[in-house]
Amino acid sequence: MQEESRFEDFVGLIGAIDKEIQRIKTAELSRFGLRASDLMVVYYLEKNPEGLTGADLARLADVDRAAVSRTVTRLAADGFVEVGEESTRYRAPIRLTEKGYAAMAEVNGLISQIVRQAGGGLMDEQRRALYASLESVLGQLRVIAR
């Protein structure tokens, strides 16, 4: 019975956390004309002003290149990013535009506020232990999935 409870607790908590994160991203990012799926792309582009390729973004955001391509196409059409010239679209450097940087300035403030609020009940040592535990579980799940 304990294994069943551990499974329910783990899957239930991780699923509920993911669902709440998606709700927050959807609600808050829509104010800036962004979608929840856009966040990690614009986040990593802001951290890399020299630009990143679609392949780089896919690796960093841990999503497939086709999803990044769709996101970048939409972000470029909406004026948040610009795609440089290159022989293939996966090698072209992608950079934030002024509009993208302006949106990220506000989004970063929002991220800080939400992270502070969500983790407000944790001491630094508890937070480090939580993240270390989650990294360990993720590593084991990746081994199992292969």
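What you have open is a predicted model, in which local features need pLDDT of at least 70 and side-chain atom pairs count only at pLDDT 80 or more, while totals for chains, interfaces and linings use all residues. Residues are numbered from 1 along each chain as its sequence is written, and side-chain values use heavy atoms, with hydrogens and water left out.

**The whole chain**

Start zoomed out, coloured by secondary structure. Following the sequence, the order is α-α-α-α-β-β-α-α. Along the principal axes, the C-alpha atoms fill a box of roughly 60 × 35 × 25 Å.

Next, colour by accessibility. Of the 146 residues, 25% are buried (buried means under 20% relative accessible area, exposed over 50%, partly exposed in between, with a 1.4 Å probe and protein chains only). Among contacts between residues at least 6 apart in sequence, 52% join residues at least 24 apart.

**Helices α2 and α5**

Select residues 39-47 (α2) and 98-118 (α5): these helices pack at an angle of about 105°, their axes 11 Å apart. That makes α2 roughly perpendicular to α5, since angles under 35 degrees count as roughly parallel, over 145 as roughly antiparallel, 65 to 115 as roughly perpendicular and the rest as oblique.

Now show side chains. From α2, the contact uses Leu39, Val42, Tyr43, Leu45 and Glu46; from α5, it uses Tyr101, Met104, Val107, Asn108 and Ile111. By class, the residues of this contact are eight nonpolar, one polar and one charged (Ala, Val, Leu, Ile, Met, Phe, Trp, Tyr, Cys and Pro count as nonpolar, Asp, Glu, Lys and Arg as charged, and the others, Gly among them, as polar).

Stay on α2 and pick Leu39, Val41, Val42, Tyr44 and Leu45, which are buried. What covers them? The cover includes α1, α3, α4, β1 (81-83), β2 (94-96) and α5.

**Val81 in strand β1**

From that cover, select Val81, which lies in strand β1. Val81 is buried, at 4% relative accessibility. Leaving aside neighbours within four places in sequence, Val81 is in contact with Leu45, Val72, Leu75, Ala76, Ile94, Arg95, Leu96 and Thr97.

**Lys25 in helix α1**

Go to helix α1 (residues 2-29) and click on Lys25. A salt bridge is a side-chain nitrogen of Lys or Arg within 4 Å of a carboxyl oxygen of Asp or Glu. Not counting residues up to four places away in sequence, Lys25 touches Ser30, Ala36 and Leu39.

**Salt bridges**

The whole structure holds six salt bridges; here are some to visit.

- Arg23 and Glu20: their side chains meet at 2.5 Å, N to O. Being three residues apart in helix α1, they are separated by about one helical turn. Glu20 is partly exposed, at 39% relative accessibility.
- Asp124 and Arg127: the closest N and O atoms are 3.0 Å apart. Both residues lie in helix α6, three residues apart, about one turn of the helix. Asp124 is exposed, at 51%, whereas Arg127 is partly exposed, at 22%.
- Arg142 and Asp62: the closest N and O atoms are 3.4 Å apart. Arg142 lies in helix α6 (residues 124-145) and Asp62 in the loop between α3 (54-61) and α4 (65-77), so this pair ties together parts that are 80 residues apart in sequence. Arg142 is partly exposed, at 39%, and Asp62 is exposed, at 58%.

**Last stop: Val63**

Select Val63, in the loop between α3 and α4. Val63 is partly exposed, with a relative accessible area of 40%. Beyond its neighbours within four places in sequence, Val63 is in contact with Ala58 and Val68. Finally, draw a distance from Val63 to Met40: their C-alpha atoms are separated by 9.9 Å, and the two residues are 23 residues apart along the chain.

Note on methods. Axes are lines fitted to C-alpha atoms, for helices over the stretch in contact, and angles run from 0 to 180 degrees between N-to-C directions. Helices (H or I, at least four residues) and strands (E, at least two) are DSSP runs, numbered from the N terminus. Contact means heavy atoms within 4.5 Å.
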